[in-house]
Amino acid sequence: MKKYFLYIAAALLAFTSCDDSQYELQNLVPGQYHKILVVKDSGKHNKTLYDTGDADTTNISVMKVGSDPSLTAHVDVRTLTDEELQSKYSELEGVNYKMLSSECFHIANTSLDYTSSDRYKICQVTLDPHAVETVMATDPAATWVLPLTFESKTDSVNSNSNEYLIIVDAVVSPKVGFVSEIPSAKIVEKSKAADYTQSLVLGLDTNNKWDVDCGLSVDESYVATYNQQHSTEFKLLPQAYYELPNTVKLEKGKDQTQVDVKIKASSLPAGDYVLPVALSTVSRFEISSSKVIPLVVRVMGNRLDRSSWKVTANTEEPTGEGSGNGVASCILDGNLSTYWHSQWNGGSHALPYEITIDMNGVHAIDHISFYQRQNQWYTDTKDVEVSVSADKSQWTVVGSFQLQKILDEQLFEVSSIKARYVKLSVTSSHRGDAASLAEFYVYGE
């Protein structure tokens, strides 16, 4: 209703001359609406405080509005009493609010005086994070707040916008850590290998007002963790094949800094490597949980031409999977839509299932890869042992691998060896005793 009254008054003024009107603005609009004080962004404000040794500052803007904001005004700032806090917030919301004690905060200006030209004033509130943390520890289950109210004995303050409630969620120590995403594995063909630089980003999780020195190192123990998490057998990248700065600086005013790691892939032998770059020291604050980023580089030979290769298997399904499908030759045809499948129609073969490939020549092998059948419900092959031979009589196991239930290429390093024949022994399945494969590739020279 108040809003509509002002609209009507403005409309009436539009039809009268400023000089001739017998009605002046103060006669059309009640005096309490000539100036109104409003707390901008009033209400609840959640805060996480960082214990940096510096106070945390909040600037609260109190605006002067109304039909004639050129008038002078005055407003006082105070904290709610415990009784007011309980009745206005705790009892209504069912939340155990507790007010921070006086040593936790300082209000720089508890009285705001407006000249005719002032349109707003700032009330500055500072919190001492260390003192707040100490008080919060006395009752960790409580919700600790600083409830402010803005009042005036001479002027109108909007009753819906006259309070500002600071809710402290937590007091934490700032942390430094890697903020960049973990880079994807770098796959390098040996014949085209070139050195490259991998850029990482370190960051502080609050506004940086300091120079922070950050020490970097390689966490060799993380290699085992990485392999366990990813079911791999990657090796630590030898020191001769990378350059890592010992220190970098987070400069004052900057929340992030770049770390450039040079990988000397041009001379790196074929293989799968991981370099766990670690943030090991900081000159102040704490190191976050994001303190290690693994850089993965896979140096491998070319994908070998399979056009003259031949393949046999001790079990196939030449009829049940449709014409031209289910047979061993499907894993070498370059068509992901076709696949080999173990026999199930009219009989079956006990595990392990063996597929033998004649590469029609001796090759130095460094990697192999598999594609599961391209149907998410039937990505069934699980454990595969891979052996190689020069004469098809004496076999050397070069790796045992567990395939995931995914449709993408699954690439594995094998013990580097020269061979003509490759034997795949499927020893277990994700789906009973059924097994299938869409494609099999070999990488090497």
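**Exercise 1.** Find where S231 is placed and what its phi is.

*Solution.* Start with the place: S231 lies in the loop between α5 (222-230) and β16 (235-236). Helices (H or I, at least four residues) and strands (E, at least two) are DSSP runs, numbered from the N terminus. Next, the backbone: S231 is not a glycine, yet its phi is positive, about 55 degrees. Finally, S231 has 53% relative accessibility, so it counts as exposed (buried is under 20% relative accessible area, exposed over 50%, partly exposed in between; 1.4 Å probe, protein chains only).

This is a predicted model, where local features need pLDDT of at least 70 and side-chain atom pairs count only at pLDDT 80 or more, while totals for chains, interfaces and linings use all residues. Residues are numbered from 1 along each chain as its sequence is written, and side-chain values use heavy atoms, with hydrogens and water left out.

**Exercise 2.** Locate the cis peptide bond that joins L351 and P352.

*Solution.* Check omega: it is about 5 degrees for this bond. Then place P352, which sits in the loop between β25 (340-341) and β26 (353-371).

**Exercise 3.** Which residues touch the most other members of the largest nonpolar core?

*Solution.* Among its 31 residues, they are C214 and V261. Such a core is a set of buried Ala, Val, Leu, Ile, Met, Phe, Trp, Tyr and Cys residues joined through side-chain atoms within 4.5 Å. β20 gives the most to this core, with five residues.
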